[in-house]
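Have a look at the picture first, then read on.

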Amino acid sequence: PTSIRLPELALVALVGASSAGKSTFAARHFLPTEVLSSDFFRALVSEDENSLDATGDAFDSLFYVAGKRLARGRLTLIDATSVRPDDRRRLVDLARQYDVLPVAVVLDLPRPVLEARHAARDDRDFRPEVIGRQMGELRRTLRGMQKEGFRHVWVLRSQEEVDGAQVTRVP
Ligand code: CTP
Ligand code: MG
């Protein structure tokens, strides 16, 4: 099983296309207050967690809170797709700004799994092609993630690997 040994003070980027299971993973392994999700911040500024035009304001708010947490020495997980290098670079920059370690956990499950989950959801109304595009962006850029500045990159490629992953914190 994958052993995810997190530095006690880290900025954790949870990376994966929609329906990869990011929020489920976050809820299982982290305190609710440690998890900053882009959906939650979209809802916070707009009442609508799917509102794309709220994305800018949502991330401004998310980064503000993340910065306050990191300045206070609190481990923080960012629950957003972060499939594009530009999105992840902002997370690495934020971690550096507060002198904490950026690490990434990538959920790269098979596309049919994500599409089946997406079809069963009623809280995501976009077309399934969006998931394919997100997965494509992730897979094209996954190999370069360590070079982007993440100290560790753990990749989980099946639900079995996700279920078996052990998350611990090391001083
Ligand atoms: N799900 C599942 N089995 C799992 C994990 C998730 O059936 N082992 C289901 C969840 O119940 C949810 C859907 O798959 O309905 C998506 O999981 P979620 O954790 O919400 O995925 P996210 O990656 O957070 O998706 P999004 O980016 O859209 O928030
Ligand atoms: Mg989610």
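Start with a pair of helices: helix 5 (residues 111-120) packs against helix 6 (residues 129-141) at an angle of about 145 degrees, and their axes are 10 Å apart. Keep in mind that this is a predicted model. The two helices cross in a right-handed way. Which residues of helix 5 and helix 6 meet? From helix 5 come R111, L114, E115 and H118, and from helix 6 come I131, G132 and M135. Sorted by class, this contact of helix 5 with helix 6 has three nonpolar, two polar and two charged residues.

Now for another pair. The axes of helix 2 (residues 38-46) and helix 3 (residues 55-71) come within 8 Å and cross at roughly 110 degrees. So helix 2 is roughly perpendicular to helix 3, since angles of 65 to 115 degrees get that label. The crossing of helix 2 and helix 3 is right-handed. On the helix 2 side, the contact is made by S38, F41, R42, L44 and V45. Helix 3 brings T55, D57, A58, F59, S61 and L62. By class, you get six nonpolar, three polar and two charged residues in the contact of helix 2 with helix 3.

Two packed helices are described by the angle between their axes and the distance between the axes. Here are both pairs in that form:

| Helix pair | Angle | Axes |
|---|---|---|
| Helix 5 and helix 6 | about 145 degrees | 10 Å apart |
| Helix 2 and helix 3 | roughly 110 degrees | within 8 Å |

Next, the ligand. How many residues are around ligand 1, and which come nearest? There are 14 of them, and S18, K22, S23, T24 and R117 come nearest. Helix 1 (residues 22-29) gives the largest share of this shell, with three residues. In the shell around ligand 1, one residue is nonpolar, eight are polar and five are charged.

Finally, step back to the whole protein chain. Its secondary structure comes to eight helices and seven strands. The C-alpha trace spans about 40 × 40 × 30 Å along its principal axes. Why does the radius of gyration of the protein chain agree with a compact globule? With 171 residues, such a globule would have a radius of gyration near 16 Å, and the protein chain has 15 Å, so the two agree.

How values were computed:
Residues numbered from 1 in each chain as written. Chains lettered and ligands numbered in written order. Predicted model: local features only at pLDDT ≥ 70, side-chain atom pairs only at ≥ 80, totals over all residues. Near = placed C-beta within 6 Å. Helix = DSSP H or I, 4+ residues; strand = E, 2+ residues; numbered from the N terminus. Nonpolar A, V, L, I, M, F, W, Y, C, P; charged D, E, K, R; others polar. Axes fitted to C-alpha atoms, helices over the stretch in contact; angles between N-to-C directions. Parallel < 35°, antiparallel > 145°, perpendicular 65-115°, else oblique. Left-handed = near helix turned anticlockwise from the far one by under 90°. Contact = placed C-beta atoms within 7 Å. Rg over C-alpha atoms; globule rule 2.2 N^0.38 Å.
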